[in-house]
Amino acid sequence: RLGRTGIHSGTVLALVAAVLTSSITLACTNVLVTPGASVTGDAFIAYNADSGDLMGMLYHYPAQSMNGTDIPDDSSSDSNSRRPTRKVYNWDTGAYLGEIPEADQTYNVVGNTNEYGLTIAETTFGGISILSDPTHQPHAKIDYGSLIYIALQRSKTSRDAIRTMTSLMDQYGYASEGESFSLADASTGDVWIMEVIGRGKGKIGAVWVARRVPDGYVAAHSNQARITTFPRDDPENCMYAHDVVDLAKEIGAYRSAEDDPMDLKFSFSDVYDPINFFGARWSDARTWSIFSMILSRGRGANAADEKSFEKTYEDYARGKDLSRRMPLWIKPDDDQKLTLDDIRKIMANHYEGTALEFDQDVGAGQFNAPVRIHPLKWSHDDDTYVNERPVATQQTGWNFISQIRLDMPLPIASILWFAVDDSSTSPRYPVYGCSKSVSRAYEGKGTQDGVPSAVLNFDLGKAFWTQNMVSNLCYTRWRDAYPLVREKLQTIHDSFVDEVNYLDDQLTALYDMVMR
């Protein structure tokens, strides 16, 4: 149960080879909850945006109508067509990527949700190097951040957003590594997981697969591609690029089997992001911990053996048995369905109570802190060692739980429970998807807007810096301080829930009056 595991030199060579064929990225965790898997009948998307140089702030894009006079400040005009254009910047680096025509109508976006209750989140899996290098499409204008925020401004439903994202990549190229996206919306209640990777040198755009999560199920992803095989004749529940298999054959990553001429056994994940020790231990292990937490609750059939799921896939999560992949989604029993509070706890976990719990090893110090400095692996003599990478981490820039209420009017259907810094120590502030402004404590523009990151500008008027102070003080005496922080967070959250319930009544009455 130590937080590090020795890997002997013979294994190290295999691990190095694996690293050379696949990018190792440790940022971000997503949980996708369908309406039938929640107690309230709401859909949820939870997202930890993990990056040590990401400033925690809430982006806002007001709705715009391209009628010749109402043009966003960050748009220019195409001299040929006189149609307004928008400038596109790389979300990670802030590099200018180019301009694309603006849509005739855009929708109000707050953070990662919009006025129609559409929410989009992501985690990066990287993928095989022959496709994952963004420089392979040097003239590409669309990166993964652009996909999210442009799609939110142009789409009302998850299916619309998938079409928008794929058409943008096909038309303007794809300037990022492999990505997993989470999508859900209030209009349909659908929840989707979508995975993409660039087409490589000499090509434009990306290959992709999108699957609708069956109602009553929960999915998750955490920097490892998770879609394996997928149906080809079920467009209501599965969409994919026409060349998703052909490209793999072309680059030599896949060959048809004699007993499978239709390539029905083709696995997106196994071909484009093959699992290795680090993909399991640092990435998919977080999904394992999420699924294990859900299925160890309640008294239903899945809880007959309290840790049946956890134990079944424990060796996979530890990187010992990579042949036993986890399912893409799980189905909680009736008494295991999730509440908003349950999801808050899931996004705050550090492998507590599992074989990967690491608050007792030497790195935890005298106060049992679940925080480890980077790098997470190091070598001594002929052995390589690793620390764990949990769901909750000190490197989170911001995080949210999007609650998508299907029984509410669309403008107030989605609430973004938004927080900055570590998801285990930060209070979640509720924001409606129709909000026309954002509190100064949270507002800001990101590098995807062509604005340099404000992460080096210390300002105690910003929630990010205040929360950083709280988190860092908590890390120094974790065993003593964290229980107090959790208790206070619960009080704050309960107060916000009461306020939201009050506002819901007022806003619903106002909406009904206006719509008469």
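The dialogue below goes through several features of this predicted model, one at a time.

Trainee: How should the numbering and the selection of atoms and residues be read here?

Mentor: Residues are counted from 1 along each chain as its sequence is written, and side-chain values rest on heavy atoms, with hydrogens and water left out. Since the model is predicted, local features need pLDDT of at least 70 and side-chain atom pairs count only at pLDDT 80 or more, while totals for chains, interfaces and linings use all residues.

Trainee: What pLDDT does the chain average?

Mentor: The term pLDDT stands for the predictor's confidence in each residue, on a scale from 0 to 100. Here the chain averages 91, and 90% of the residues score at least 70. Over residues 1-25, however, the pLDDT is below 50, although this stretch has 61 contacts in the model beyond near neighbours in sequence; a contact means heavy atoms within 4.5 Å.

Trainee: How is the span of a helix to be checked, for instance in helix 4?

Mentor: Helices (H or I, at least four residues) and strands (E, at least two) are DSSP runs numbered from the N terminus, and the expected span of a helix is 1.5 Å times one less than its number of residues. For the 15 residues of helix 4 (residues 158-172) this gives 21 Å, which agrees with the 21 Å between its end C-alpha atoms. Just after helix 4, glycine 173 takes a positive phi of about 85°.

Trainee: Which residues of helix 4 are buried?

Mentor: Buried means under 20% relative accessible area, exposed means over 50%, and partly exposed lies in between (1.4 Å probe, protein chains only). Among the buried residues of helix 4 are Arg159, Ile162, Met165, Leu168 and Tyr172.

Trainee: Against which elements do the buried residues of helix 11 pack?

Mentor: They pack against strand 21, strand 22 and helix 12, and they include Phe464, Trp465, Gln467 and Tyr475. Helix 11 has 14 residues and reaches 20 Å from its first C-alpha to its last, close to the 20 Å expected.

Trainee: Is glutamine 467 buried or exposed?

Mentor: Glutamine 467, which lies in helix 11 (residues 463-476), counts as buried because its relative accessibility is 7%. Not counting residues up to four places away in sequence, glutamine 467 touches Val420, Asp421, Thr425, Ser426 and Pro427.

Trainee: How many salt bridges does the count come to?

Mentor: Side chains of opposite charge can pair when their charged atoms come close. The rule asks for a side-chain nitrogen of Lys or Arg within 4 Å of a carboxyl oxygen of Asp or Glu, and by this rule the count comes to 23 salt bridges. In one of them, arginine 389 pairs with aspartate 50, the closest N and O atoms being 2.6 Å apart. This pair links distant parts of the chain, 339 residues apart, with arginine 389 in the loop between strand 20 (383-386) and strand 21 (396-404) and aspartate 50 in strand 3 (residues 43-50). Arginine 389 is buried, because its relative accessible area is 2%, and aspartate 50 is buried with a relative accessible area of 2%.

Trainee: Where are arginine 405 and aspartate 504, whose side chains meet in a salt bridge?

Mentor: Their side chains meet at 2.9 Å, N to O. Arginine 405 is in the loop between strand 21 and strand 22 (414-420), whereas aspartate 504 is in helix 12, 99 residues apart. Arginine 405 counts as buried at 6% relative accessibility, and aspartate 504 counts as buried at 9%. Elsewhere, Arg86, Glu102 and Arg154 are linked in a network of salt bridges.

Trainee: Which residues make the nonpolar surface patch?

Mentor: Patches are made of residues with over 30% relative accessible area and no salt bridge, like charges being joined within 9 Å and nonpolar side chains (Val, Leu, Ile, Met, Phe, Trp, Tyr) within 5 Å. Here Leu510, Tyr511, Met513, Val514 and Met515 make a nonpolar patch of about 500 Å², with accessible areas taken from the Shrake-Rupley method with a 1.4 Å probe, where for residues only the protein chains shown count as cover. Valine 514 lies in helix 12 (residues 478-515) and counts as exposed because its relative accessibility is 58%.
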